[in-house]
Amino acid sequence: MSSPALDRMIANFVAHSSHLHLRTDGMTVARSDDVVVANGDVGDDTFNIITRARFSESDVDERIAETVSSVDGAFSWWVDPESTPGSLSERIAAAGYPAHDPEPGMVAALSALPACTSPDGLEIRRVTTPDELADYAVVVAANWDPPAPGVVRFYSRVTKAALDPGCQARYFVGYRDGSAVCAAEAFLSHEVAGIYNVSTLVGHRRRGFGRAITLAALHAARAEGFDTAVLQASPDGQPIYRALGFTELGTFVEHSITA
């Protein structure tokens, strides 16, 4: 069932999926009445995204086929809690594009955050330079094994847009002994702070770094006047987010599309 918080969560996700594409040469965003397709032009489905599908029951299979035929290469198709019809995820899977494990959408008020701490010598910085953004990209890319080169290429391409003072994204990197070890992003849009790309290098996990950099992003959002945060939670992240006051609000499902 729709709610204002869920509507804002989805709107934040859709805006996050395309805001850098709109400001970067060679990248495209195609919007129609019933779907949004963002092409990051780096050969990586992390930034090639299909989202906000609102198809009718009468033409859903046709629209799935048309949407897939309109893209080239690997894309991720995100089915959100308000996607229509309600069977959309099953219909995409039946068309030959499998689903990953569902991720809960989560929401939290920012009125009573725990204090920020920096465990085990961690220094958290808000990204303000190209070198820091490159460090951010390397940490996020390491979420895949082997690390995803398309992630590094993407942030290299969008550096100007990402560091523009008008950008809605706030990027954070945690350093230990001079090396980047964790990262997170707060995307401020549609009255909520969307938390994305919370990442910690494998050799530095279980030390509280993910919690610390998530808190840094949340505190920064609150300092800019935001009182609600939203995110999509991986299995590893869910216990951390629940401990910070996040509760579930709908489910997001990702499908792998290879056209």
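**Ground rules.** I number residues from 1 along each chain as its sequence is written, and side-chain values use heavy atoms, with hydrogens and water left out. Because the model is predicted, local features need pLDDT of at least 70 and side-chain atom pairs count only at pLDDT 80 or more, while totals for chains, interfaces and linings use all residues. Helices (H or I, at least four residues) and strands (E, at least two) are DSSP runs, numbered from the N terminus.

Entry: Eleven strands form an open sheet, ordered 1-2-3-4-11-5-10-9-8-7-6, with mixed pairing. Two strands pair if DSSP finds at least two bridges between them. Strand 1 (28-31) and strand 6 stand at the edges with a single partner strand each, so one side of each has no neighbour in the sheet. The twist averages 25° from one strand to the next. I then checked strand 4 against strand 11 (residues 247-258): they run antiparallel, joined by six bridges. Val79 stands opposite Val253 in strand 11.

**Entry: helix 7.** Helix 7 packs on the sheet and touches strand 6, strand 7, strand 8, strand 9 and strand 10. Its direction makes about 155° with that of strand 9 (axes are lines fitted to C-alpha atoms, for helices over the stretch in contact; angles run from 0 to 180 degrees between N-to-C directions). I checked the length of helix 7 (residues 209-223): at 1.5 Å a residue, its 15 residues should span 21 Å, and the end C-alpha atoms are 21 Å apart, which agrees. The expected span is 1.5 Å times one less than the number of residues. Eleven of the 15 residues are buried (under 20% relative accessible area, with a 1.4 Å probe and protein chains only). Among them are Phe209, Ile213, Leu218 and His219. After helix 7 comes Gly225, with a positive phi near 95°.

**Entry: Ser76.** I found Ser76 in strand 4 (residues 74-79). Ser76 is buried, at 1% relative accessible area. Its side chain makes a polar contact with that of Trp78 at 3.5 Å (a pair of N or O atoms within 3.5 Å, one able to donate a hydrogen and the other to accept it; residues adjacent in sequence count only if both atoms are side-chain atoms). Beyond four places in sequence, Ser76 is in contact with residues including Asp45, Ile50 and His255 (heavy atoms within 4.5 Å).

**Entry: Leu133.** Leu133 sits in helix 4 (residues 130-141). Leu133 is buried, with 1% relative accessibility. Beyond four places in sequence, Leu133 touches Val127, Tyr155, Thr159, Ala162 and Tyr171.

Conventions: Buried means under 20% relative accessible area, exposed over 50%, partly exposed in between (1.4 Å probe, protein chains only).
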